[in-house]
Amino acid sequence: MSEVASAPQSATIAGTIDKASPVPFYYQLRQLLERAVADRVLAAGDQIPTEASLCERYDVSRTVVRQALSDLERTGLVTRLKGKGTFVAQPKVSEFVAQSLTSLHEDLSARGERLETKVLRLEAEPVSPHVAAMLQLPESEQIVLLERLRFLRSEPLVVTTAYMPYSICARILELDMSDRSLFETYEQELGLKLHRGSRAMEARAATTEIAHHLGVPEGSPILAFSGVTYLDDGRPVEYFIGLHRGDRSRFETELFRPSGAADLAAARAAHVAS
C-alpha cells in the first residue's frame, strides 16, 4: 500500500455498543466497523481510527478493540501495518479458475492422507454485515460459526473458519466436528445437496493469532482460500476462509477451454455472479 488516507474521525462511524446486550463487545465493535466499510464511510485505503481513539469513543478496553480488529484482518477487510496503523484493505484482482467442488478433507482422503482436527470454536452468533452479504442473509439472522485447526502428519496446516446459516445448519452445534468433513455433514447428516461454489485465493501475512496456531513466525506468508458454497436450490450454505501455511501448501486446479462463445459467456457470468 503506497499511499494511505489519514484516519477519519471516529464520530463518522455510526452506532454505539450496547453494554446491556449479551453480544460480546468486540463483536459489536466489529459489526460497527464492517458496516462503516460496507456503507463506504471507510473506503479502501482509509485508516481505521487508532486503538486508543476506539477505546475512548466506545468506552471499551484495548483487548476488545484488538479482538475486533483481529477478526476483521482475518476476513481480509483490513490490513494492519506495523508502526502505521490499521487500514481498509484494497480490493484484490481476481482471475477465474474452475475445479471440482470438494473439501480439503475429501481431497486429502482421496490421496490416502488423514487430517487431524482441533475445534477452536463452535457456536451460534449474530451475523456480521460482511458475512450476511456473503450468505445473502438479513442482518437479523444468526449463524453457526465453526473454527478448526487442521493438522497433517501431526503438523499444523490450516485454520479454517466456516460461517453457516443457523436456520439451515443449527444441528451442527450438537455434533462432534473434530473428525468430520463439513461437506459430508451437510449431505449425510443434514440431507442437503451441494451444487456449486465460488473460490478465491490470495496471499497474506500471518497475524499473531494465526501464526501461533500454525506454528510459524508472525508475518510469515500464508495462503488465504475463501469462498461460498451453494445448495442445489441456489441458497448459500457456507462462507468459509482457510488460512494455509505458505511453506506447506500448494493449490492445483484443472482448467478447461470453453468450446464456444456460449460456454465462455456462461463461465464469465458464473464468475461475476459468485
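Of the 274 residues in this chain, 45% count as buried. Keep in mind as you look around that the model is a predicted one. The chain is built with 9 helices and 8 strands.

Let's start with a pair of helices. Two packed helices are described by the angle between their axes and the distance between the axes. Here, helix α2 covers residues 51-58 and helix α3 covers residues 62-74. Their axes come within 9 Å and cross at roughly 115°, and the crossing is right-handed. Which residues make the contact? From α2 come Glu-51, Ala-52, Leu-54 and Cys-55, while α3 brings Arg-62, Val-65, Arg-66 and Leu-69. Sorted by class, the residues of this contact are 5 nonpolar and 3 charged, with no polar ones.

Thr-86 sits in strand β2. Is Thr-86 buried or exposed? Its relative accessibility is 9%, and because buried means under 20%, Thr-86 counts as buried.

Rolling a probe the size of a water molecule over the atoms shows where empty space is left. The second largest pocket holds about 740 Å³ of space. Its lining has 37 residues, and those nearest the centre of the pocket are Glu-73, Thr-79, Arg-80, Leu-81 and Thr-207. Which elements give two or more residues to this lining? They are α3, β1 (78-81), β2 (85-88), β6 (194-205) and α8 (208-214). Helix α3 provides the largest share, with 7 residues. By class, the pocket lining has 12 nonpolar, 13 polar and 12 charged residues.

The structure holds 2 cavities of 30 Å³ or more. The second largest cavity has about 30 Å³ of space in it. Around this cavity you will find Arg-30, Asp-71, Arg-74, Arg-121 and Tyr-163. Its lining counts 4 charged residues and 1 nonpolar residue, with no polar ones.

Tyr-163 falls within strand β5, which runs over residues 155-165. Leu-157 is found in the strand too. Leu-157 counts as buried because its relative accessibility, 9%, lies under the 20% cut-off. Beyond its neighbours within four places in sequence, Leu-157 is in contact with several residues, including Arg-150, Phe-151, Leu-214, Leu-243, His-244 and Ser-249. How far is Leu-157 from Glu-116 in space? The two are 41 residues apart in sequence, and their C-alpha atoms are 9.8 Å apart.

Our last stop is Phe-183, in helix α7 (residues 182-189). Phe-183 has a relative accessible area of 5%, so it is buried, given that buried means under 20%. Phe-183 and Glu-238 are 55 residues apart along the sequence, yet 9.9 Å separates them in space from C-alpha to C-alpha.

Note on methods
Residues numbered from 1 in each chain as written. Predicted model: local features only at pLDDT ≥ 70, side-chain atom pairs only at ≥ 80, totals over all residues. Heavy atoms only, no water. Axes fitted to C-alpha atoms, helices over the stretch in contact; angles between N-to-C directions. Helix = DSSP H or I, 4+ residues; strand = E, 2+ residues; numbered from the N terminus. Left-handed = near helix turned anticlockwise from the far one by under 90°. Contact = heavy atoms within 4.5 Å. Nonpolar A, V, L, I, M, F, W, Y, C, P; charged D, E, K, R; others polar. 1 Å grid on protein atoms, 1.4 Å probe; cavity = no way out; pocket = protein on both sides within 12 Å on 5 of 7 lines; lining within 4 Å. Points joined across faces, edges and corners; volume = space filled by probe spheres on them. Buried < 20%, exposed > 50% of the residue type's maximum accessible area, 1.4 Å probe, protein only.
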